[in-house]
Amino acid sequence: MTRKVADCRKYPSESHCTLTISGEEDEVLRAAAEHAVSVHQHEDTPELREKLRDFLEDERPPSG
């Protein structure tokens with residue numbers, strides 16, 4: 001399974017958040033929703049979770 005990444009740096013915010021979350025899609029979606037509510041004061045709704053799912057990207061394998 002391809003790991004997913006949510007990176008707050010790609011979206012401007014008042015808090016200038018730099019958090020990056022990576023893992024399996026369901027894990028990242030759950031953690032990103034919790035983060036969006038607790039840090040960015042969003043309401044945890046199905047619409048928020050769908051936007052977050054669209055925001056996820058495939059994790060790039062480490063180079064080396």
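How many salt bridges does the structure hold? The structure holds 6. This is a predicted model. Its mean pLDDT is 92, and 100% of the residues reach 70 or more. Side chains of opposite charge can pair when their charged atoms come close.

**Confidence**

- Strand β2, residues 20-23, has the highest confidence, at 97.
- Helix α2, residues 46-55, has the lowest, at a mean of 95.

**Lys4 and Asp58**

- The side chains of Lys4 and Asp58 form a salt bridge, at 2.5 Å from N to O.
- This pair links distant parts of the chain, 54 residues apart.
- Lys4 sits in strand β1 (residues 4-7), while Asp58 sits in strand β3 (residues 57-58).
- Lys4 counts as buried because its relative accessibility is 18%, and the cut-off for buried is under 20%.
- Asp58 has 46% relative accessibility, so Asp58 counts as partly exposed.

**Asp7 and Arg9**

- Asp7 and Arg9 form a salt bridge, and their closest N and O atoms are 2.7 Å apart.
- Asp7 has a relative accessible area of 11%, so Asp7 is buried.
- Arg9 is exposed, because its relative accessible area is 55% and exposed means over 50%.

**Asp44 and Arg49**

- Asp44 and Arg49 also meet through their side chains, in a salt bridge of 2.9 Å from N to O.
- Asp44 is partly exposed, at 41% relative accessibility.
- Arg49 is partly exposed too, at 28% relative accessibility.

Terms used. Residues numbered from 1 in each chain as written. Predicted model: local features only at pLDDT ≥ 70, side-chain atom pairs only at ≥ 80, totals over all residues. Heavy atoms only, no water. pLDDT = per-residue confidence, 0-100. Helix = DSSP H or I, 4+ residues; strand = E, 2+ residues; numbered from the N terminus. Salt bridge = Lys/Arg side-chain N within 4 Å of Asp/Glu carboxyl O. Buried < 20%, exposed > 50% of the residue type's maximum accessible area, 1.4 Å probe, protein only.
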